[in-house]
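Biologist: Hi! Could you walk me through this one? I'm new to it.
Modeller: Happy to. Let's bring it up and start with the ligand.

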Amino acid sequence: MSTLSSSSVEMATKLMQAIQYDRYGGGPAGLKHVEIPVPTPNKNEVLLKVEATSINPVDWKIQKGMLRPLLPRKFPYVPGTDIAGEIVAFGPQVKGFKVGEKVVAKLSHDRGGGLAEFAVASESLTASRPPEVSAAEAAALPVAGLTAYQALTDVAGVKLDGTGDQKNILVTAASGGVGHYAVQLAKLGNTFVTATCGARNIDFVKSLGADEVLDYKTPEGASLKSPSGRKYDAVIHCTTGIPWSTFEPQLSDHGKVIDFTPSMSSFATFALKKLTFSKKQLVPFLVTVKKENLSYLVQLVKDGRLKTVIDSRFPLSKAEDAWARSMDGHATGKIVVEP
Ligand SMILES: NC(=O)c1ccc[n+]([C@@H]2O[C@H](COP(=O)([O-])OP(=O)(O)OC[C@H]3O[C@@H](n4cnc5c(N)ncnc54)[C@H](OP(=O)(O)O)[C@@H]3O)[C@@H](O)[C@H]2O)c1
């Protein structure tokens with residue numbers, strides 16, 4: 001296809017349902033149901049009919065203004081970045097996809113666009129989705145799955161083919177979106193996994209493969225002490241509010257805390273540990289989306305080696321309820337919105 005497809009020109013004249021906000025703050029009540037034009041794909045973009053969008057805490061953190069002035073750069077803004085759907089049109093430079101193909105994509109946080117009936121995604125951040133992987137299972141993967149994957153492989157050095165030295169891994173908030181993937185992915189490697197979660201999710205987290213589980217509301221859980229006396233080579237830290245002084249005694253000599261929500265004090269600890277050449281490190285982490293990693297996760301789901309656990313599903317007409325559920329901070333697995 002050498003020019004923008006005629007179907008995308010037709011689509012651009014159509015209207016679609018979408019969720020938008022036009023200022024910072026407001027929470028679920030700040031989300032408006034609007035009818036806006038179907039977006040037009042640029043030369044290297046695909047246009048998807050959205051089948052599922054998953055919500056991540058970063059979505060409502062952006063709305064709160066926590067990433068201001070970087071995001072969003074312009075209002076009104078359609079939130080949501082993790083989508084699965086079917087390709088309905090594409091730009092002239094797209095070579096790897098065809099109309100009708102099922103895919104999963106990560107949209108940029110700058111443009112957003114996921115909470116809508118149609119969305120445009122860069123070809124470079126779009127991966128094929130086989131029929132065995134449902135739209136909801138796939139839409140849950142990008143931010144949460146890739147965060148768990150990259151932290152474990154790139155930072156903690158876990159090899160998911162099971163080779164490599166055995167590592168002791170602690171996953172905090174193992175019942176959440178990132179944590180439930182982190183436990184399963186860690187267990188593909190040569191690891192012993194300790195996990196923290198609330199009492200109601202202990203059996204669930206064990207079923208994901210965790211070797212030992214701590215209830216975070218008990219003194220033992222708050223101490224993060226491994227019941228079997230292990231010291232952690234890496235902490236996949238999916239929650240907040242745990243000081244370095246709690247982690248430090250539980251780490252092995254070269255143990256690392258991989259912090260997904262670093263605070264000012266985390267950055268201070270990070271700098272101090274670097275400056276003092278400490279072997280134990282705190283590593284502030286920001287996920288980088290790579291298509292090949294996304295394809296790998298989709299393949300694991302297809303092969304039955306990784307599962308997406310869905311906390312709850314909402315129609316687009318109730319997107320504000322999905323938003324509120326995520327802001328509440330008690331999801332078990334992922335929250336999905338379906339147009
Ligand atoms: N830096 C990055 O690139 C990056 C990428 C992805 C995510 N993140 C951040 O990572 C964090 C986790 O994201 P997520 O999607 O996994 O969140 P989530 O799905 O909303 O996490 C909810 C889960 O956390 C559990 N939880 C809450 N406090 C806990 C505690 N003190 N100890 C143990 N479990 C606790 C809850 O259990 P209960 O209901 O039992 O309380 C619930 O199951 C968020 O802050 C997110 O913004 C950062």
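**Around the ligand and beyond**

Modeller: This is a predicted model. The shell around the ligand takes at least three residues from each of domain 1 (6-140 + 308-338) and domain 2 (144-284).

Biologist: How many residues surround the ligand, and which are the closest?
Modeller: There are 30 residues around the ligand, and the closest are G176, G177, G198, Y216 and H330. The elements that contribute two or more residues to that shell are α2 (57-64), α4 (142-155), α5 (177-186) and β9 (191-197).

Biologist: How do the shell residues divide into nonpolar, polar and charged?
Modeller: The shell has 14 nonpolar residues, 16 polar ones and no charged ones.

Biologist: Back to the domains. What separates their centres, in Å?
Modeller: The centres of domain 1 and domain 2, taken over C-alpha atoms, are 30 Å apart. Their contact takes 7 residues from domain 1 and 7 residues from domain 2. On the side of domain 1 that touches domain 2, the residues divide into 3 nonpolar, 3 polar and 1 charged.

Biologist: Let's do helices. Which residues of α10 are buried?
Modeller: In α10, the buried residues are N293, L294, L297, V298, L300 and V301. Looking down the axis of α10, you find these buried residues within an arc of 160°, so they line one face of the helix.

Biologist: Why would residues three or four places apart point the same way?
Modeller: An α-helix has 3.6 residues a turn, so residues three or four places apart point the same way.

Biologist: What do the buried residues of α10 pack against?
Modeller: They pack against β5 (102-106), β7 (126-128), α3 (135-139) and α4.

Biologist: And what span should α10 have, given its 12 residues?
Modeller: At 1.5 Å a residue, the 12 residues of α10 (residues 291-302) should span 16 Å, and its end C-alpha atoms are 16 Å apart, which agrees. After α10 comes G304, with a positive phi near 75°.

Biologist: Which residues are buried in α11?
Modeller: A319, A322, W323 and S326 are buried in α11, which covers residues 319-328. Seen down the axis of α11, the buried residues fall within an arc of 100°, so these too line one face of their helix.

Biologist: What covers them?
Modeller: The cover over the buried residues of α11 includes β1 (15-20), β3 (45-55), α2, β14 (310-315) and β15 (334-338). Just after α11, G329 has a positive phi of about 80°.

Biologist: Can we zoom in on Y149? Where is it, and is it buried or exposed?
Modeller: Y149 sits in helix α4. Y149 is buried, because 25 other C-beta atoms lie within 10 Å and 20 or more is the cut-off for that label.

Biologist: Which residues is Y149 in contact with?
Modeller: Setting aside neighbours within four places in sequence, Y149 is in contact with L185, N293 and L297. N293 and L297 are also among the buried residues of α10.

Biologist: And L48, buried or exposed?
Modeller: L48, in strand β3, is buried, with 32 other C-beta atoms within 10 Å. Not counting residues up to four places away in sequence, L48 touches several residues, including I83, I87, V103 and F118.

Notes
Residues are numbered from 1 along each chain as its sequence is written. This is a predicted model: local features need pLDDT of at least 70, side-chain atom pairs count only at pLDDT 80 or more; totals for chains, interfaces and linings use all residues. A residue is near a molecule or strand if its C-beta atom, placed from the backbone, lies within 6 Å of it. Helices (H or I, at least four residues) and strands (E, at least two) are DSSP runs, numbered from the N terminus. Ala, Val, Leu, Ile, Met, Phe, Trp, Tyr, Cys and Pro count as nonpolar, Asp, Glu, Lys and Arg as charged, and the others, Gly among them, as polar. Domain bounds come from an automatic or database domain assignment. A residue is buried if 20 or more other C-beta atoms lie within 10 Å of its own, exposed if 12 or fewer, and partly exposed in between; C-beta atoms are placed from the backbone. The arc is that of the directions from the helix axis to the C-beta atoms. Two residues are in contact if their C-beta atoms, placed from the backbone, lie within 7 Å. The expected span of a helix is 1.5 Å times one less than its number of residues.
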